[in-house]
Amino acid sequence: MERTVTVTGHGSTSLVPDRAVVRVAVTVVEETVAAAWRRVSALTDLAVATAREVVGDPGLEAHAVSVWPQTDGDRRLRFEARRGVVVHCGDLTVAGALLEALVDEVGDALQVEGIGLEVADPTAALDDARERAFDDAEARARRLAARAGATLGDVLTIDDSAVGGPPYPSARAMKAEAATLVPGEQHLEASLRITWQLV
């Protein structure tokens with residue numbers, strides 16, 4: 001029976017985000033559904049126009065439309081309307097300027113839900129993580145083969161189904177100060193399950 005050894009190697013690499021996804025919402029409260037809808041729609045249109053002016057030609061999504069009744073402290077029925085807006089900034093440097101412009105234009109109706117940092121093309125980083133994972137697997141396999149009184153032969157199988165996934169931020173991944181974003185680093189991991197022949 002052919003003897004084999006199968007190990008899983010792990011590799012990681014660091015990369016710096018180069019684009020941002022800004023998520024905001026416009027929320028208003030009015031006395032009627034129609035008034036709430038008209039105002040939230042107008043402010044959302046203003047937010048979208050502002051984003052186009054600051055970012056240029058961003059990827060835009062206006063979604064998460066909702067209107068619901070609420071009662072204020074005087075038991076008066078009011079209606080709150082909300083629309084979410086997502087702006088994809090191809091240039092990381094404009095994300096802070098975009099937030100400042102939205103605050104200026106939309107005012108207190110604006111809610112900032114968060115800023116996500118992304119890497120436009122992680123291909124090179126992923127290839128590097130795979131290389132590191134292969135080296136790690138090979139080193140482990142050599143140690144196990146030596147313990148068994150053998151050496152490594154040909155590679156029989158490689159399973160990279162666990163490779164990749166979106167980069168995850170380190171503890172330093174994002175800092176925000178005076179609307180200036182400092183991206184820090186993100187880490188991308190790869191795992192390879194490899195089987196060698198033992199000779």
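A residue is called buried when its relative accessible area is under 20%, exposed when that area is over 50%, and partly exposed in between, with a 1.4 Å probe and protein chains only. The model is predicted, so local features need pLDDT of at least 70 and side-chain atom pairs count only at pLDDT 80 or more, while totals for chains, interfaces and linings use all residues. Residues are numbered from 1 along each chain as its sequence is written, and side-chain values use heavy atoms, with hydrogens and water left out.

**Ser191**

Select Ser191 to begin; this residue lies in strand E10, residues 186-198, where strands (E, at least two residues) and helices (H or I, at least four) are DSSP runs numbered from the N terminus. Ser191 is buried because its relative accessible area is 17%.

To place the two pairings, select Ala25, which stands opposite Gln111 in E5, and then Glu30, which stands opposite Phe79 in E4.

**Salt bridges**

The structure holds 8 salt bridges, each being a side-chain nitrogen of Lys or Arg within 4 Å of a carboxyl oxygen of Asp or Glu. Select Glu118 and Arg19, whose side chains meet in one of these at 3.0 Å, N to O; the pair links distant parts of the chain, with Glu118 in strand E5 and Arg19 in strand E2, 99 residues apart. Then select Arg82 and Glu113, where the closest N and O atoms of the salt bridge are 1.8 Å apart. Arg82 lies in strand E4 and Glu113 in strand E5, so this pair ties together parts that are 31 residues apart in sequence. Arg82 is buried, with a relative accessible area of 17%, whereas Glu113 is partly exposed at 44%.

Select helix H1, residues 33-55, whose 23 residues should span 33 Å at 1.5 Å a residue, which agrees with the 32 Å between its end C-alpha atoms; the expected span is 1.5 Å times one less than the number of residues. Its buried residues, including Val40, Leu43 and Val48, pack against E2, strand E3 (59-71), E4 and H2, contact meaning heavy atoms within 4.5 Å. Just after H1, look at Gly56, which takes a positive phi of about 105 degrees.

Finally, display Val22, Val24, Val87, Cys89 and Leu98, the residues with the most contacts inside the largest nonpolar core, which has 26 residues. Such a core is a set of buried Ala, Val, Leu, Ile, Met, Phe, Trp, Tyr and Cys residues joined through side-chain atoms within 4.5 Å. Helix H2 gives the most to this core, with 6 residues, and apart from it lies another core, of 12 residues, among them Ala133, Ala137, Ala150 and Ile194.

Methods:
Pairing = 2+ DSSP bridges.
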